[in-house]
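The sequence and the structure come next, followed by the points grouped by topic.

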Amino acid sequence: CISGILPTVDWAFALGNSQYRTLLSDMDIDNAGNIILTGVFTGEVNFNPLGLSTLLNNNTSQDMYFAKYDGSNGNLFFASHLDHASGSLTSGGVYPLGISYDPTGSYFYISGNFSGNVDFLNNNSIDLSGGPLSNSAPFVAKFEDMSTSVSVALTLPILITNPTSQYILHGVATDVEAYDGGFALSIEKYQGLYSEYEFNPLGMSKMEHNNGQISYVIRYDDL
């Protein structure tokens, strides 16, 4: 510890409930000092413990959330989660592992793994599709930050092109880091058998082949 320099607590809060677990996978800070979180939770959680109560409820289904807080006082700007209610287009799930703001603070990225079909904002629009059943595949999603709400700007699933089954593990996007004009993505735990992966499903094909459990680092431009 450097003599004379001590951290000072500005604010703190707890997220969760007494029945189920609430996990915080990752966090980042925008260029104004505001904080965004992502993770998974189950049951009902107040995502604004320092302000007007904002309750989100996943019932008994563990799934993702993200929430942004004012850096000066800890009050909530926005929070969202996957809704598995009757009529929802989400048939699978999401486990987020990384979150990163771009330098402008206008967009943030979430990476992790998903299954089935996913409607991130519960607005009757499928954002990710074709995920394995009862297993997972890597993804990255880009969201536009509109101060008190968000919209989905881009989604990128990374899937095996020749799966031997709908139930095999495609891999996990362990982290994402944004830069001005794009992002870098890390992926690991790919299928151990010989497999072929499409890293650029939205543009010119970029196929990768492997026959082992290896990791990748990929940089994308998304201007």
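A charge counts as sitting over a ring if NZ of Lys or CZ of Arg is within 6 Å of the ring centre and within 35 degrees of the ring normal. The model is predicted. In it, K142 lies over the face of Y107, 4.4 Å from the ring centre.

**Charges over rings**
- K142 is placed over the face of Y107.
- A second case involves R219, which lies over the face of Y179 at 4.2 Å from the ring centre.

**Aromatic pairs**
- Searching the whole structure gives 17 aromatic pairs.
- W11 and F13 are one of these pairs: their ring centres are 5.6 Å apart and their planes meet at 5°, and because planes under 30 degrees apart count as stacked, this pair is stacked.
- W11 has a relative accessibility of 23% and therefore counts as partly exposed.
- F13, with a relative accessible area of 24%, is also partly exposed.
- F108 and F143 form a stacked pair as well, with 5.2 Å from centre to centre and 15° between the planes.
- This pair links distant parts of the chain, since F108 is in strand β8 (residues 107-115) and F143 is in strand β9 (residues 137-145), 35 residues apart.
- Both F108 and F143 are buried.
- Ring pairs join F108 and F143 into a cluster with F66, F78, Y101, F114, F120 and F139.

**Surroundings of G98**
- G98 is located in strand β7 (residues 93-101).
- Its relative accessibility is 0%, so G98 counts as buried.
- Not counting residues up to four places away in sequence, G98 touches D26, T38, Y109, I110, S111, T174, D175 and V176.
- The C-alpha atoms of G98 and V140 are separated by 9.0 Å, while the two residues are 42 apart along the chain.

**Largest pocket**
- The largest pocket holds about 210 Å³ of space.
- It is lined by 13 residues, and the closest to its centre are W11, F13, L24, M27 and L37.
- W11 and F13, the stacked pair described above, are thus among the residues closest to the centre of this pocket.
- Elements giving two or more residues to the lining are β1 (22-29), β2 (35-41) and β5 (63-69).
- Strand β1 contributes the most to the lining, with 4 residues.
- By class, the lining has 12 nonpolar residues, 1 polar residue and no charged residues.

Terms used
Residues numbered from 1 in each chain as written. Predicted model: local features only at pLDDT ≥ 70, side-chain atom pairs only at ≥ 80, totals over all residues. Heavy atoms only, no water. Phe/Tyr/Trp six-rings, centres within 6.5 Å; stacked < 30°, edge-to-face > 60°. Buried < 20%, exposed > 50% of the residue type's maximum accessible area, 1.4 Å probe, protein only. Contact = heavy atoms within 4.5 Å. 1 Å grid on protein atoms, 1.4 Å probe; cavity = no way out; pocket = protein on both sides within 12 Å on 5 of 7 lines; lining within 4 Å. Points joined across faces, edges and corners; volume = space filled by probe spheres on them. Nonpolar A, V, L, I, M, F, W, Y, C, P; charged D, E, K, R; others polar.
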